[in-house]
Amino acid sequence: MAKLRTQVGIIGAGPAGLTLAHLLHLQGIESIVLERHSREYVETRVRAGVLEQGTVDILCNSGVGERLKREGLQHQGVELRFDGKGHRIDFQELVGKSITVYAQQEVVKDLIAARVGYNAPIYFEAEALRVDDYDAEPKIHYQHNGEAHEIHCDFIAGCDGFHGICRLAIPAGQIQFHERHYPFAWLGILAHVPPASHELIYNYHERGFALLSMRSPEISRLYLQCASDENIENWSDDRIWAELGTRMATREGFALKDGPIFQKGITPMRSFVAEPMQFGKLFLLGDAAHIVPPTGAKGLNLAVADVRVLTRGLVEFYQRADRAALQRYTERCLRRVWKCQRFSWWMTSMLHRFPDEDSFSHQLHLAELDYVTSSRAASATLAENYVGLPFDTPGLF
Ligand code: APR
Ligand code: PHB
């Protein structure tokens with residue numbers, strides 16, 4: 001059995017693990033990244049694609065933003081569409097910020113290329129099986145090429161997503177879960193067709209929510225609210241386009257063009273927070289600690305916000321032997337996490353049809369949307385949250 005030694009053992013090469021490894025490297029802190037899937041798998045996994053300005057700044061300031069700046073689509077607003085009309089929320093005018101549409105797997109590719117480029121350790125098809133002794137001398141047991149290995153490290157970063165092993169290693173009684181399940185899911189597609197709008201459209205309709213997004217000037221990304229136990233086999237391409245057309249074509253003069261669908265999937269909708277997010281020398285980041293429903297597009301951005309807090313804590317520990325920032329990791333992360341949970345829950349509740357809703361509920365959805373789009377204060381609240389709340393502690397990038 002091979003025994004390796006590093007400062008920070010990172011489990012998971014999603015946005016959380018890769019961003020952490022990259023920022024630590026720039027600060028002269030060594031890490032090893034373990035990922036149970038292949039490089040190709042993580043580089044092609046389709047997820048959301050909206051980056052807050054703060055996330056873009058961190059990626060650009062840390063030197064991995066070259067392609068993002070070139071290929072990312074900068075948006076100054078979004079449209080909320082309901083009751084036959086579209087209403088633009090102008091981020092730039094309301095809060096002076098923007099968002100960037102750039103697929104999550106592109107962020108992942110850029111971060112992997114950087115790590116491979118400076119020759120820092122990242123092992124694919126290396127599955128962490130167990131974490132040990134995280135209060136004193138942390139160890140990660142993992143399997144690679146059919147052999148058992150061990151990493152001895154100062155700290156473990158659990159960046160292993162919602163289904164990872166790190167959160168599960170905490171004994172019941174030491175960790176608390178806050179959860180909400182929504183009685184619907186999203187059916188998402190990617191299609192070879194130019195987006196019917198140059199900005200995102202969040203659409204409320206009596207038949208359910210629909211969202212128009214995009215990946216490039218040639219590729220549309222679209223979502224439909226569907227049942228949580230929906231069988232994707234029941235959705236032919238024709239049925240998807242027809243349903244999207246019905247829900248979105250509420251504005252006069254708007255035509256949704258169809259095109260070849262090359263990817264389809266169902267995304268469950270859940271809100272989840274684990275508390276605390278740190279246990280001795282084990283830290284949870286990103287989806288391992290919290291899940292938001294995709295309506296607010298916050299998942300990746302929250303993962304990067306956790307990384308920002310942990311990086312600062314680790315730098316203060318290694319450079320000045322100061323543990324204060326590390327000790328406040330949970331508190332600092334959760335302040336932002338709960339505000340993003342609130343925003344994602346609110347967007348989800350406002351824009352979706354819940355089972356058994358009557359005409360009263362429908363009118364409430366419409367009144368809320370009317371208020372949000374006609375009151376400057378309410379529009380600014382949506383805009384401020386959507387582009388990303390300011391960070392309330394200083395970062396390094
Ligand atoms: N050993 C090694 N790797 C593991 C293990 C394990 N035991 N368990 C899970 N992983 C890997 C997964 O294969 C995955 O690549 O951890 C990674 C976790 O990545 P993500 O699920 O992308 O989570 P995170 O980095 O926190 O990113 C959060 O990504 O999941 C989306 O919607 C989410 O946008 C959010 C963002
Ligand atoms: C996406 O483009 O995948 C996307 C955009 C906005 C969301 C969720 C997903 O709220």
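Trainee: Which residues are closest to ligand 2?
Mentor: Tyr202, Ser213, Arg215, Tyr223 and Pro294 are the closest, out of 14 residues that surround ligand 2. A residue is near a molecule if one of its heavy atoms lies within 4 Å of it. Before we go on, this is a predicted model: local features need pLDDT of at least 70, side-chain atom pairs count only at pLDDT 80 or more, and totals for chains, interfaces and linings use all residues. Residues are numbered from 1 along each chain as its sequence is written, chains are lettered from A and ligands numbered from 1 in the order in which they are written, and side-chain values use heavy atoms, with hydrogens and water left out.

Trainee: What polar atom of Ser213 lies 2.6 Å from an oxygen atom of ligand 2, side-chain or backbone?
Mentor: A side-chain one. Tyr202 also places a polar side-chain atom by a ligand 2 oxygen, at 2.7 Å. Thr295 uses a polar backbone atom, 3.2 Å from an oxygen of ligand 2. A polar contact here is a pair of N or O atoms within 3.5 Å.

Trainee: How much of ligand 2 does the protein bury?
Mentor: 100% of the 280 Å² that ligand 2 exposes when taken alone. Areas come from the Shrake-Rupley method with a 1.4 Å probe.

Trainee: Which cavity is the space taken by ligand 2?
Mentor: The largest cavity. A cavity is a set of points, on a 1 Å grid over the protein atoms alone, where a 1.4 Å probe fits but cannot get out. A molecule sits in one if more than half of its atoms lie within 2 Å of its grid points.

Trainee: Which strands supply at least two residues of that shell around ligand 2?
Mentor: S14 (210–216) and S15 (219–226). S14 gives the largest share, 3 residues. Strands are DSSP runs of E, at least two residues, and helices are runs of H or I, at least four, numbered from the N terminus.

Trainee: And how do the shell residues around ligand 2 divide?
Mentor: Into 9 nonpolar, 3 polar and 2 charged. Ala, Val, Leu, Ile, Met, Phe, Trp, Tyr, Cys and Pro count as nonpolar, Asp, Glu, Lys and Arg as charged, and the others, Gly among them, as polar.

Trainee: Switching over. Which residues come nearest to ligand 1?
Mentor: Glu35, Arg45, Arg47, Gln104 and Asp287, of 26 residues around ligand 1. By class, that shell has 11 nonpolar, 8 polar and 7 charged residues.

Trainee: Which backbone atoms lie 2.9 Å from a ligand 1 oxygen?
Mentor: A backbone N or O atom of Ala16 does. So does a backbone N or O atom of Leu300. For Asp287, the backbone distance to a ligand 1 oxygen is 2.8 Å. Taken alone, ligand 1 exposes 700 Å², and the protein buries 91% of that. Helix H1 (15–26), strand S9 (126–132) and helix H8 (299–320) each give two or more residues to the ligand 1 shell.

Trainee: New topic, backbone geometry. Is the peptide bond from Glu275 to Pro276 cis or trans?
Mentor: Cis, with omega near 0°. Pro276 lies in the loop between S16 (261–275) and S17 (278–279).

Trainee: What about phi of Asp133, positive or negative?
Mentor: Positive, near 55°. Asp133 is in the loop between S9 and S10 (139–144). Most residues other than glycine have a negative phi, and most peptide bonds are trans.

Trainee: Last one. What does Ala380 contact beyond its sequence neighbours?
Mentor: Leu94 and Val95, leaving aside neighbours within four places in sequence. Contact means heavy atoms within 4.5 Å. Ala380 sits in helix H12 (376–387).

Methods
A polar contact is a pair of N or O atoms within 3.5 Å; within protein, one must be able to donate a hydrogen and the other to accept it, and residues adjacent in sequence count only if both atoms are side-chain atoms. On a 1 Å grid over the protein atoms alone, a cavity is a set of points where a 1.4 Å probe fits but cannot get out, and a pocket is an open set with protein on both sides within 12 Å along at least five of seven lines; lining residues have an atom within 4 Å of a point.
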